[in-house]
Amino acid sequence: MATTNDLKNGMVLKLEGDQLWSVVEFQHVKPGKGPAFVRTKLKNVLSGKTVDKTFNAGTKVETATVDRRGMQFSYMDGEYFVFMDMDTFDQIHITREVVGTAANYLIEGFEATVAMYQGNPLFVELPAAVELVIEHTEPGVQGDRSTGGSKPARLETGYEVGVPLFITTGEKIKVDTRTGDYLGRVNS
């Protein structure tokens, strides 16, 4: 158990029975009149639904013990992503629904954080940015470079991102895993 004064981003709460909600953001509010309260934005860990919820300051909330482990993506087994625990070398199969948008950036050997609750995987967290090779993109047209436009490029994972016109096939780029935006070239 914790109180609303102990809330932190990323903390997982058990609310409304056994539903797990992750704290996306929170704000302590002390109005001039009336009691203080905590305004939160919560994301349902399983469905991904986001809600705004307000708690009175000091209210007790039940926290869920979520085990976050460093795991390495090994391979695809049909519809399952197979991850290997870096400490125990155990392998677990995770469905595409649980992996979510992280699937767009996973290549064999890539390390990610897998959140587990009571032995079940909840979600896969990636670093804020990953480095991937461009598998294919159309060449930029001479003279288009000054416009600052962008073109689609297919990454080695099969995911498509927008890149500047001067980027070519085979280059390694940095991509933001939260938004899918191009961040820059990687100098090898």
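Me: Which residue in β6 is the bridge partner of K14?
Reply: E62 is the bridge partner of K14 in β6. This is a predicted model, where local features need pLDDT of at least 70, side-chain atom pairs count only at pLDDT 80 or more, and totals for chains, interfaces and linings use all residues. Residues are numbered from 1 along each chain as its sequence is written, and side-chain values use heavy atoms, without hydrogens and water.

Me: Why are β2 and β6 called paired?
Reply: DSSP must find at least two bridges between two strands. β2 (residues 12-15) and β6 have two, in the antiparallel sense, so they pair.

Me: What makes β6 a strand?
Reply: A strand is a DSSP run of E, at least two residues, numbered from the N terminus; a helix is a run of H or I, at least four. β6 covers residues 60-63, so β6 qualifies. β6 also pairs with β1 (residues 2-3) in the antiparallel sense over two bridges. There, T3 stands opposite K60.

Me: How do you know that β10 and β11 pair?
Reply: β10 (residues 111-117) and β11 share five antiparallel bridges. T113 stands opposite E125 in β11. The two strands form a hairpin with two residues between them. Q118, in the turn, has a positive phi of about 50°.

Me: Which element gives the largest share of the lining of the largest pocket?
Reply: β11 does, with four residues. The lining has 28 residues; among those nearest the centre are F123, V124 and E125.

Me: How much space lies in the largest pocket?
Reply: About 820 Å³.

Technical notes
On a 1 Å grid over the protein atoms alone, a cavity is a set of points where a 1.4 Å probe fits but cannot get out, and a pocket is an open set with protein on both sides within 12 Å along at least five of seven lines; lining residues have an atom within 4 Å of a point. Grid points are joined across faces, edges and corners, and a volume is the space filled by probe spheres set on the points.
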